[in-house]
Structures are given as structure tokens and as C-alpha cells.
Amino acid sequence: MGGHKLVKAANKASVAKLVQSLLPSYPPATSSSAQLEALASDNGTVALSLFTGLNLPPSLKDWAFRLFEGNMKELYDASADGYDPREKRRELFDPNSRFVVMQIEGEYAAYGIWRFDTEETMGDRFAEVVYCYEVQVAPSYQGRGLGRLVMNVLEAVGKAFGMGKVMLTVFKANTSAVAMYRKAGYQVDEISPSACGDQGADYEIMSKPCQ
């Protein structure tokens with residue numbers, strides 16, 4: 001199947017199919033139509049719920065956006081492009097966005113947002129990717145490995161749907177996030193500004209192959 005067809009098929013996948021795609025990577029888990037239960041981690045039992053941009057409940061949208069602004073607004077305000085909350089909300093809750101939301105003992109703890117897409121390369125073809133738009137962890141749960149768990153989910157989904165790599169954009173000033181991604185095996189991508197000779201950009205594009 002061609003790259004664009006792979007991405008198109010992935011974007012058509014139901015939430016239930018997304019959940020099923022994760023089961024081989026998390027054999028202790030049991031599933032319902034939209035959730036993985038009893039996922040063992042260093043935090044104990046974590047429940048993962050999956051949503052699309054169309055079926056994410058309004059209350060979760062509000063929680064996700066508040067958490068995003070609490071964690072990221074200062075970095076965006078200091079960035080070259082600044083911060084436009086309306087544009088950011090449109091980006092995050094696009095119909096093609098996919099969400100993994102994590103709960104611990106019934107409390108929302110973290111989430112990730114991704115899209116299946118194609119991205120340019122330095123060659124003559126496009127890459128099929130899981131593009132990570134956000135990884136956000138509630139302050140009381142930071143430093144407990146939940147960000148890495150979000151990335152594990154994106155990597156497993158990418159592998160299940162035949163994507164070539166997981167990609168993301170990260171502010172250079174967000175040093176804790178950069179360190180987490182590097183520890184997880186992410187490297188500066190070939191199309192990142194610094195890889196193309198622009199050392200002045202305030203962000204990097206990083207990626208990791210889906211294996």
C-alpha cells in the first residue's frame with residue numbers, strides 16, 4: 001500500500017481499531033471499545049482512553065487546554081512566533097487529531113495528541129508518520145514516566161499502522177522535554193532547522209523510526 005493510502009487508511013480507523021492495535025504491545029491489558037485497562041507501569045494501574053477530535057468530550061477538551069496553557073504558555077509567549085490561543089485550539093482539536101488520555105485512580109494525569117500524516121524528507125519521497133502534537137502531564141504527576149508512556153503508545157500505534165516514524169516539534173528552551181525525547185531514542189530529524197544549517201531557530205524537529 002502506498003504512503004498516502006496508508007495514512008488515509010489510518011485516519012479512517014475507528015477508536016476501537018486503535019485500541020485493538022495497542023493490545024499486542026500491552027498484553028496484560030484488557031480492552032473495551034475505547035479504553036485499555038490495567039496497564040502496568042511504575043505508577044500502578046493506568047487507564048488509557050482513546051478519542052478522536054470529533055468525539056473528545058467537551059469537559060476533556062477544557063481540561064486538556066487548561067493543562068496545555070499551564071504547562072506551555074510561558075514557552076510560547078517567549079517563542080519567535082508567539083502564542084495565539086484560538087489558532088492553538090483549532091490545531092489541537094482538529095478532526096484528524098487522535099488523543100490518548102491517561103487516568104490514575106480516576107484522576108486525569110496526562111495526555112498525548114497525534115495525527116497520521118505525511119512529511120517531507122530530504123529525498124524525493126514523503127514519509128508516513130505519526131506526528132506528535134502534544135505530550136502534557138499534570139504537575140502532580142510529572143517526573144513519573146507518564147510522558148514516556150504517551151510516546152510508547154504513539155510508537156506502538158505507528159508500528160501497527162505501518163508508519164515510518166514518530167515525529168514531533170519541541171522548543172529548545174523546553175530542556176526537560178528534549179532530554180526525555182533523547183532518552184527515549186529520538187534524534188534531530190533531517191528536516192529540522194539545525195540539521196539544515198539554521199542554528200538560530202528556537203525549535204527542533206525530532207523523530208524515531210517505528211520498529
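A residue counts as buried when its relative accessible area is under 20%, and this cut-off is needed for several of the steps below, all of which concern a predicted model.

With ring centres required to lie within 6.5 Å of each other, the count comes to 13 aromatic pairs. One of them joins Phe 65 and Phe 68, whose ring centres are 6.0 Å apart and whose planes meet at 35°, so the pair is tilted. Both residues belong to helix 3, which spans residues 58-77, and because they are three residues apart there, about one helical turn separates them. Phe 65 has a relative accessibility of 6% and therefore counts as buried, and Phe 68, at 0%, is buried as well.

A second tilted pair is formed by Phe 116 and Phe 161, with centres 5.4 Å apart and planes at 55°. Here Phe 116 lies in strand 5 (residues 107-120), while Phe 161 is in the loop between helix 5 (146-160) and strand 7 (165-171), so this contact ties together parts that are 45 residues apart in sequence. Phe 116 is buried at 2% relative accessibility, and Phe 161 is also buried, with a relative accessible area of 12%.

Returning to Phe 65 and Phe 68, ring pairs link these two residues with Tyr 76, Tyr 83, Phe 93, Phe 99 and Phe 171 into a cluster.

Terms used. Residues numbered from 1 in each chain as written. Predicted model: local features only at pLDDT ≥ 70, side-chain atom pairs only at ≥ 80, totals over all residues. Heavy atoms only, no water. Phe/Tyr/Trp six-rings, centres within 6.5 Å; stacked < 30°, edge-to-face > 60°. Helix = DSSP H or I, 4+ residues; strand = E, 2+ residues; numbered from the N terminus. Buried < 20%, exposed > 50% of the residue type's maximum accessible area, 1.4 Å probe, protein only.
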